[in-house]
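Me: I would like to go through a structure with you, a few residues at a time. Could you take my questions as they come?

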Amino acid sequence: MGELAADKHVKYILAVEKRKDNFESAVLEHLRMNGAYWGLTTLDLLGKLDAVDSNEIIEWILKCQHESGGFAGNVGHDPHILYTLSAIQVLALFDKLNVLDVDKVSTCILDESDIAGLQNEDGSFSGDIWGEVDTRFSYIAICGLSILKCLDKINVERAVNYIISCRNVDGGFGCTPGGESHAGQIFCCVAALAITGALHYVDKDLLGWWLCERQVKSGGLNGRPEKLPDVCYSWWVLSSLTMIDRVHWISKEKLIKFILNCQDTENGGISDRPDDAVDIFHTYFGVAGLSLLEYPGVKAVDPAYALPVDVVDRIFFGK
Amino acid sequence: MHGRPRKPLKPVDEAAVAAKAEKLRALQSEFLSNHQNKIYSKEAVELSAKLLEINPELYTAWNYRKLAVQQNLAQCESDPESVNSILDEELKVVENALRQNFKSYGAWHHRKWVLEKGHSSMDKELGLLDKFQAMDARNFHAWNYRRFVAALMKRSDEDELEHTQNMIDKNLSNYSAWHNRSNFLSRNCSVLLSNLMKKAAPGFTSKDEVLTREYELVREALFTDEDDQSGWFYHLWLLDQTVRSEFPLLVSSWPVEGSDISLPAADYLDGCASMNVFHYSSRNFPLVLYFNQSVRGVNSSTVSVSCGFNLNIDLIWKPLSSTDSQSAKVWATHLAIPDAELHSSEAYQVEVKVGFSQGIVSTTGVAYSHPSQISFQLHLQKTPLESGQDSRFGRIQWKDDCFAVYEPGSAEPDLVNLLDNLTIKNEVESTASTWQARIIDDETNIFRDLLDCKIGKLTVARLLTAYNSLRPLDKPVHCKEVLELYSELMKLDPSHYQYYKDNHSLVLLQQVTSSKESLLSRCFHYRDSTLSTNGSPLCLRLNNLAISQLGSFEKLLWVQMLDLSNNELQSIEGLEALQLLSQLCLSNNKFRSFTALESLRYLKSLKVLDISQNEIGSHSIDTTRYLFRSPLSHSVGSCDWNINYLSSETYWEAFFVLKDMGLTQLDVAGNAITSKSFNVFLEKLLPTLKWLDGVEVN
């Protein structure tokens, strides 16, 4: 079957962080904050977080913070809720949430006096001051504020009602009301409902069937019907199944095999499909997927917060 | 990041690539500097357009362009030609970007932002959408944008419905089209139908006609390519729409209508129990209401309870749901029975009236409008236990030779009466229209032609099950066939083995609980050497059935002692409805964590629990972590944690499940979590414990 080439992946992640000479890294500069989260969480799941200089990273993270409190994808770029969550998550990995002025960060997400306040009347969340609405942002706001222990600052009831308005008759969720069910959106909505104690709004059997039918003949998972399998769905679909206790409805062995086949065992890294180019995004989702499948040698990951379980437990149960 | 080959097709000129990357970085740097310094010159703005064409994901550039537009619009003072030319330019930039990546969130949002300024003809936008949907009918960004434009244009739902029909006609394999169709129908069905009925539009005159047409439409998709999933979920939704009960109804209750129940005089813990004698504290007589769907508004105003002894206190009805504090399918309350010494031992007639006043509403907003009444008799025994009968009951052993088959006799006519009346008769169901049964029947006959493939077998199994759900008072039919179909599916589609297994188990339990004879054959007296069989606890044994999921709880509200050992269960969700449970055996199953035992927190009468020989502690991933009330799901405050119990080896899951239980007997051996320190923790947590893993506790 093959094995997880953990050491190769660690080397790959550490190298990617430094590469500047390929076109890809230039084009992805704007989301370096996400990249940091993907790479560092993978390192932690493989037990190698100490291979990086946390102080250097934290220094850079803080340089990406804006006046408003939100974080940008990289220095000089505009703040957006997407990168704000990644920043919070990376600081959580290093157990350095205390460097944040929590009020400042939480304010950028929910400031009511400022028209830039991100929670809207209907409970939805905008990504930034320009107003794009998407349930991804609902998840981000809920997850981020929960990690900062100030979830009560938003109107949770309205936030939950908005998410439910995006629920479809197939049991899944879309990005806005009426939006087609998509595994990525489903993860965001199910995780948001999990964190807010509202999973009773999910029809677990109905959604569980939709999700388990993402497993195709090759053993990989796709994101919605009649699409190609992709390693990143090993996270979106699998974490959703895990949160609603239906993960036993797929074949774990076949999925493990699929993920392992997507590795570049020579140079490290994992790709979306076997023999495609690797990247940090898929490396993280492949390893996180293996974690949910209880693959030996990989730390347990929390399906709602997308952080190692020991990090989440430290936040909620630590003294 | 997707779909690029690992080994590039032609050799890479590394130097050229590095130069290209360097150039891009320089441009981005220049752009960021313009942005920081708020420079919106023509040159600067063109630079941003160039960058967005290379990389539409550069979100800051879209923000920058919006700022530039705002400034330019302010300067041109609403001269319509200037405004149009400014906004036209933006639309062009978006189109260029979309050509590069038609899944770019930033590009689509920018277009919406421009359109909201009231520019561009909507027909032009629809034209653009048609082009995009022709290229990729599954692009959800395009579908979302279409909804946005349709709303701006105030297009009618009928027109949009027609569009989905056009997309389906072009290609049946279009899940997105089916989804959008279901979206319009589900959100607008009643509105659409009533509007159309007013207009007397041809073809849409009633729900069954609409459904029949939709079934015809989707059937083709299922039959054309048996592996194509596009129509599967739509078909399942049609089925749900066909059989779902419009009205919230009471399905079953505890006590059952017409029961005759004896209560002991005083507290005694593990005394004898039979079908009509309860062995827990007489203070806590439960009333349980089981509805056909989740409802809210069950309280002392909407449910009146009257009995011989005074019950002036408002009863507090609680929904038995772990996360929902407002609604549930199952509601319970407890009657505080006064001491028997104060009353003569006569029978009290208790009447429970459900829904005679307004207020109970289903979570879908339908008012409860079919009131029910349940009457039963309570006998309070005056004499306390004989002193010889030690309150210390022997240790329960769940072995076959401790159980004697129940022989129905005149001594307990109540059990037979009870089993005859488990399901409440609801008039509205027996006079339900026959169109539902007709549609199911027709569909079943059609799908029998597809029995050689997965979706055919699954659909027939679901249709037969749906047929039974339409007739809750009759014995279910076709169970054997349904069980066989699921067994075949387990072989045909092994990846989804457990899905079929779980459904198989549910049908099996329906079959087992469907008749009085079947239930009676599984009732046993528990035989202990200190007791005679007369009055010994009655146990329902559902062990060794290879069941992996539980169901049919509405048929089991009367159960006090339950043996579920030697099955394949990993969850007991739903068991909270069995409020009378005092002895429960879950040994030799597949429980992975204490969080999977959340339901036990509702079983206030539970005294004996056996969870030995499971997998608690063997798994790194907890699949019921968020289906459990804890600070992680913000359903329990952090201040509710009792720090004393949490040491470096935290057993927070076990702590939360067990802490308020008055267990007298607990078995946990054969789980990876067990250890000396865990047992010490348990003894501290459960002061009422007499037996732990078969050993007497000091």
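Reply: What follows is a short exchange on selected residues of this model, which is a predicted one.

Me: Let us start with charge. Which residues gather in a patch of negative charge on the surface?
Reply: The patch brings together A:Glu226, B:Asp225, B:Glu226 and B:Asp452.

Me: Where does B:Glu226 lie in chain B?
Reply: B:Glu226 is in the loop that runs between helix H10 (207–224) and helix H11 (232–243) of chain B.

Me: Why does B:Glu226 count as partly exposed?
Reply: Its relative accessibility is 37%.

Me: Staying with helix H11 of chain B, is B:Tyr234 buried or exposed?
Reply: B:Tyr234, a residue of helix H11, is buried, because its relative accessibility is 3%.

Me: What separates the C-alpha atoms of B:Tyr234 and B:Asn144?
Reply: The distance between them is 19 Å, and the two residues are 90 apart along the chain.

Me: Now the backbone. Which residues does a cis peptide bond join?
Reply: That bond links B:Trp254 to B:Pro255, with omega about -10°. B:Pro255 is placed in the loop between strand S1 (250–254) and strand S2 (260–263) of chain B.

Me: Why point that out?
Reply: Because most peptide bonds are trans, and most residues other than glycine have a negative phi.

Me: What is phi at A:Asp275?
Reply: Phi is positive there, about 70°, although A:Asp275 is not a glycine. The residue sits in the loop between strand S1 (270–271) and strand S2 (278–279) of chain A. A:Asp275 counts as exposed because its relative accessible area is 58%.

Me: And what is phi at B:Lys38?
Reply: B:Lys38, also not a glycine, has a positive phi of about 55°. Its loop lies between helix H1 (14–36) and helix H2 (42–54) of chain B. With a relative accessibility of 59%, B:Lys38 is exposed.

Me: Changing topic: with which side chain does the side chain of B:Ser495 make a polar contact?
Reply: The partner is the side chain of A:Lys254, at 3.1 Å.

Me: Where does B:Ser495 lie, and is B:Ser495 buried or exposed?
Reply: B:Ser495 is found in the loop between helix H16 (479–492) and helix H17 (497–512) of chain B. The residue is buried, because its relative accessibility is 10%.

Conventions
Residues numbered from 1 in each chain as written. Chains lettered and ligands numbered in written order. Predicted model: local features only at pLDDT ≥ 70, side-chain atom pairs only at ≥ 80, totals over all residues. Heavy atoms only, no water. Patch = residues over 30% accessible without salt bridge, like charges linked within 9 Å, V, L, I, M, F, W, Y side chains within 5 Å. Areas by Shrake-Rupley, 256 points an atom, 1.4 Å probe, with all protein chains shown as cover. Salt bridge = Lys/Arg side-chain N within 4 Å of Asp/Glu carboxyl O. Lys, Arg positive; Asp, Glu negative; His and termini not counted. Charge placed at Lys NZ, Arg CZ, Asp CG, Glu CD. Helix = DSSP H or I, 4+ residues; strand = E, 2+ residues; numbered from the N terminus. Buried < 20%, exposed > 50% of the residue type's maximum accessible area, 1.4 Å probe, protein only. Polar contact = N/O pair within 3.5 Å; in protein donor to acceptor, adjacent residues only side chain to side chain.
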